[in-house]
Amino acid sequence: MENWLVGAPSRRLLHHFHSPPQRRLAIRVQPMAKSHFEYVRAFEANDVCLPNTWIVVRLDGQNFHTFAEKHSFKKPNDLSALRLAAVAAERVLRQHTDSILAYGHKLMTTVVSLFSSTYTFEWPRVMPADQPLLYPPAFDARVVLYPTDRNLRDYLAWRQVDCHINNLYNTCFWKLVGQAGISPAEAESQLKVGCSQDNAGFE
């Protein structure tokens with residue numbers, strides 16, 4: 001499963017961006033005001049997003065195939081699970097009406113942590129009552145910068161095409177397994193040799 005958060009570029013924020021501190025191969029330990037252990041803060045790097053670019057945060061479920069099987073998600077699409085992901089994504093958007101932040105790692109961790117906590121929190125309300133949450137799900141995220149409107153449009157088009165192809169394949173696969181009664185291996189073998197026109201007949 002995937003979700004995206006897109007932030008619009010803004011020239012007004014240009015002066016808020018600063019170059020990250022230069023990284024050195026060796027760090028000289030100096031006494032700190034609070035503790036001599038405080039030198040470890042020098043290892044923290046501020047990953048600054050490039051200004052005037054579209055910021056896309058992409059979320060992916062970690063080992064979500066197993067998670068879906070353990071929780072008996074309906075194939076190929078579980079409507080309750082889709083609604084739950086939509087609720088979590090909506091919560092992120094309501095929280096971050098302006099999704100432009102200076103530091104990439106803060107943006108990424110904020111989005112993925114809020115999505116994960118909302119997904120878990122809303123599970124009892126959205127999912128069927130006879131499907132309890134067996135273990136906490138995990139999600140990862142990445143920040144990608146696209147410098148032009150064309151780049152962003154092509155990225156969204158690419159994800160849409162990829163989503164359509166995967167959904168079409170999964171629909172055909174589970175039709176063969178669930179209704180035709182063949183094994184998953186046989187279904188995969190048939191789909192490998194089948195043409196796209198034949199597969200479209202399962203829609």
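Predicted model: local features only at pLDDT ≥ 70, side-chain atom pairs only at ≥ 80, totals over all residues.
Reader: What makes up the protein chain, in helices and strands?
Author: The protein chain has seven helices and three strands. Along the sequence they come in the pattern β-β-α-α-α-α-β-α-α-α.

Reader: Why is Trp123 called buried?
Author: Its relative accessible area is 2%, and the cut-off for buried is under 20%. So Trp123, at 2%, counts as buried. Trp123 lies in helix 4.

Reader: How do you know that Trp123 makes a polar contact with Gln131?
Author: A polar atom of the Trp123 side chain lies 2.9 Å from the backbone oxygen of Gln131. The limit for a polar contact is 3.5 Å, so the pair at 2.9 Å qualifies.

Reader: Which residues does Trp123 touch, leaving out those up to four places away in sequence?
Author: Trp123 touches Phe67, His71, Phe73, Leu84, Gln131, Pro132 and Leu133. As for Ala81, that residue is 42 residues from Trp123 in sequence, with 8.8 Å between their C-alpha atoms.

Reader: Which members of the largest nonpolar core touch the most other members?
Author: Of its 25 residues, those are Leu59, Phe73, Phe115, Tyr119 and Trp123. Strand 2, helix 1, helix 2, helix 3, helix 4 and strand 3 each give two or more residues to this core. A second, separate core has eight residues, including Phe173, Val177, Ile182 and Ala187.

Reader: How do you know that helix 5 has a span close to the expected one?
Author: Helix 5 (residues 149-178) has 30 residues and reaches 43 Å from its first C-alpha to its last, against the 44 Å expected at 1.5 Å a residue. Among the buried residues of helix 5 are Leu152, Tyr155, Phe173 and Val177.

Reader: What share of the whole chain is buried?
Author: Buried residues are 31% of the 203 residues in the protein chain. The accessible surface of the chain comes to about 13800 Å², and 55% of that belongs to carbon and sulfur atoms.

Notes: Residues numbered from 1 in each chain as written. Heavy atoms only, no water. Helix = DSSP H or I, 4+ residues; strand = E, 2+ residues; numbered from the N terminus. Buried < 20%, exposed > 50% of the residue type's maximum accessible area, 1.4 Å probe, protein only. Areas by Shrake-Rupley, 256 points an atom, 1.4 Å probe, with all protein chains shown as cover. Expected span 1.5 Å × (residues − 1). Core = buried A, V, L, I, M, F, W, Y, C linked by side-chain atoms within 4.5 Å. Contact = heavy atoms within 4.5 Å. Polar contact = N/O pair within 3.5 Å; in protein donor to acceptor, adjacent residues only side chain to side chain.
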